[in-house]
Amino acid sequence: MSIITNETIAAVEAELRRGEKAEATVEKYIHAICRLMLFLNGAEVTKEALLSFRDEIRKLLRDQTVNGYISAVNAYLAFAGLEHLKLKLLRTQRQPFRESERELTEPEYERLVAAAKKQQNDRLYHILITLAGTGIRISELAYITVDAVQCGRAVIRMKGKARVILIPGALKKKLTRYIQKKGLPLRPGVSDAQRKTPGSLQYRPHDEKPVPGGEGVAPEGVPAQPAAFVRAAFLRRGEKPRPSCGCARPQPTGDDAALCHVH
């Protein structure tokens, strides 16, 4: 297996899925391995070629992203029985601060929402208010289901872990109206297999395109967790966190309070 082929990549993907890797991890690994295959252009996998590949992507990507590629390549090498060719991860230092250019401010968030309204893009509008109202990541949108909205909480399961996200009352009302507009029935007791995300409330790559008139997001696109940056801006401005979680039950206390991501 010293030459990467489409058949090899398919076998690696199957092995990753058998290992119960998260879908996002599988996609990221396969993307990296495909990029390595294109770089090699039919040549054999050698240590020199791998080092050249690493040097090439370092010119284009941040070191943390390069480490993601290296992890994917090492997974392929382990599968192919080429462990002796594994690459070492780059040494990176965790930044104690957030880069200002990656921070989504309150006015920028409001412009995003206003642009979605102006374009009459209900789906994108509800994506934005859901991200800001719950603090979830874009990849976690699929867990905001019809029954999650109905009961006011969503259980997010990723990377072998689960956590509960509470849906604020105001957001719940807006999502409920959106569900009804889309003709999806509100009913209790929906099984996992029957769950549907309200009106295909999924993030798509073309959502990152700037809208006419210069409104919308920056060319880099939407951060993976924009709500966190919006919330940080609110706190810096001196606003107090909102106490209500929008749940039809007493306010959480103790450990349950830590589950509430609405601040």
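Glu20 counts as exposed because its relative accessibility is 73%, where exposed means over 50% relative accessible area, buried under 20% and partly exposed in between (1.4 Å probe, protein chains only). This residue sits in the loop between α1 and α2, and its phi is near 60°, a positive value in a residue other than glycine. Asn41, in the loop between α2 and α3, is likewise exposed, with a relative accessible area of 68%. The phi of Asn41 is near 55°, again positive in a residue other than glycine. For context, most residues other than glycine have a negative phi.

The structure is predicted, so local features need pLDDT of at least 70 and side-chain atom pairs count only at pLDDT 80 or more, while totals for chains, interfaces and linings use all residues. Residues are numbered from 1 along each chain as its sequence is written, and side-chain values use heavy atoms, with hydrogens and water left out.

The protein chain holds 9 helices and 2 strands, which are DSSP runs numbered from the N terminus (helices: H or I, at least four residues; strands: E, at least two). Along the sequence these elements follow the pattern α-α-α-α-α-α-α-β-β-α-α. Of the 263 residues in the protein chain, 40% are buried. With a contact defined as heavy atoms within 4.5 Å, residues 24 or more positions apart account for 60% of the contacts with a separation of 6 or more.

Leaving aside residues up to four places away in sequence, Leu77 touches Val45, Leu50, Leu82, Glu83, Leu85 and Lys86.

How are the helices arranged against one another? Two packed helices are described by the angle between their axes and the distance between the axes. Here axes are lines fitted to C-alpha atoms, for helices over the stretch in contact, and angles run from 0 to 180 degrees between N-to-C directions. For α2 and α3, the angle is about 110° and the axes are 11 Å apart. The two are therefore roughly perpendicular (65 to 115 degrees; under 35 is roughly parallel, over 145 roughly antiparallel and the rest oblique). On the α2 side the contact is made by Ala32, Arg35, Leu36, Phe39 and Leu40, and on the α3 side by Ala49, Leu50, Ser52, Phe53, Glu56 and Ile57.

Helix α6 (residues 122-134) and helix α8 (residues 169-181) form another pair, with axes that come within 10 Å and cross at roughly 155°. That angle makes α6 roughly antiparallel to α8. In α6, Asp122, Arg123, Tyr125, His126, Ile129, Thr130, Gly133 and Thr134 meet Leu171, Lys174, Leu175, Tyr178 and Lys181 of α8.
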